[in-house]
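Work through the exercises below with the sequence and the model at hand. Try each task before reading its solution.

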Amino acid sequence: MARAAPWSRAWTAIAVALHDQVCALVIAAIAERRLGHAEHATDRLTKALGLAEPQRMYRPFLDGGGAARSAMTVLIRPVSQGAAFAARILQRFDTAPAQGQHAAAAIPLTGSELAVLRFLPSHMTNQEIAEALFLSINTVKTHLRSVYRKLNVTTRREAIARGGKLGLL
């Protein structure tokens, strides 16, 4: 039986330790956010993104589920460090099968409409959503009208509640 080289075992241990560290930071960021400590949550999430990006480590964020996606959407600003990597992670959330996907399939939202809908719980303004998605404010407003119509709602609050029940958020 062949034995692994000592450097190979050390490299594996480092990768596992890094993965565990990123997972812990993501979980801590989610917890800090739920406790109302947005600044601490942002710091932890930014550090997790910084550690994960060189290794293209997406899994710790994806495993964080909707709470991690929501935290990245709300806490990581488009111009902040790690924003580009966070955007790539958020794209993977959009392509990964969700638990409520069967219910979500009944509402035919486009990818852009879904992206705008997912920003609504952050309470960002239309202008801030437009900047985060690199869209014009008029495009965001158009997507919002379409989302409201498709979800059969008239307000942001109703859209957030309906989107949550359908597993879209």
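Predicted model: local features only at pLDDT ≥ 70, side-chain atom pairs only at ≥ 80, totals over all residues.

Residues are numbered from 1 along each chain as its sequence is written, and side-chain values use heavy atoms, with hydrogens and water left out.

**Exercise 1.** Find where R56 and F134 lie, and decide whether each is buried or exposed.

*Solution.* 
- Step 1. R56 has a positive phi, near 55 degrees, and is not a glycine.
- Step 2. Its place is the loop between α2 (38–52) and α3 (59–63). Helices here are DSSP runs of H or I with at least four residues, numbered from the N terminus.
- Step 3. R56 has 64% relative accessibility, so it is exposed (over 50% relative accessible area, 1.4 Å probe, protein chains only).
- Step 4. F134 is also not a glycine, and its phi is positive at about 60 degrees. The loop between α8 (126–133) and α9 (137–151) holds F134.
- Step 5. With a relative accessible area of 69%, F134 is exposed.

**Exercise 2.** Describe how α7 meets α8.

*Solution.* 
- Step 1. List the contacts (heavy atoms within 4.5 Å). A115, V116 and F119 of α7 meet I129, A132 and L133 of α8.
- Step 2. Sort these residues. The contact of α7 with α8 has six nonpolar residues, no polar and no charged. Ala, Val, Leu, Ile, Met, Phe, Trp, Tyr, Cys and Pro count as nonpolar, Asp, Glu, Lys and Arg as charged, and the others, Gly among them, as polar.

Conventions:
Helix = DSSP H or I, 4+ residues; strand = E, 2+ residues; numbered from the N terminus. Buried < 20%, exposed > 50% of the residue type's maximum accessible area, 1.4 Å probe, protein only.
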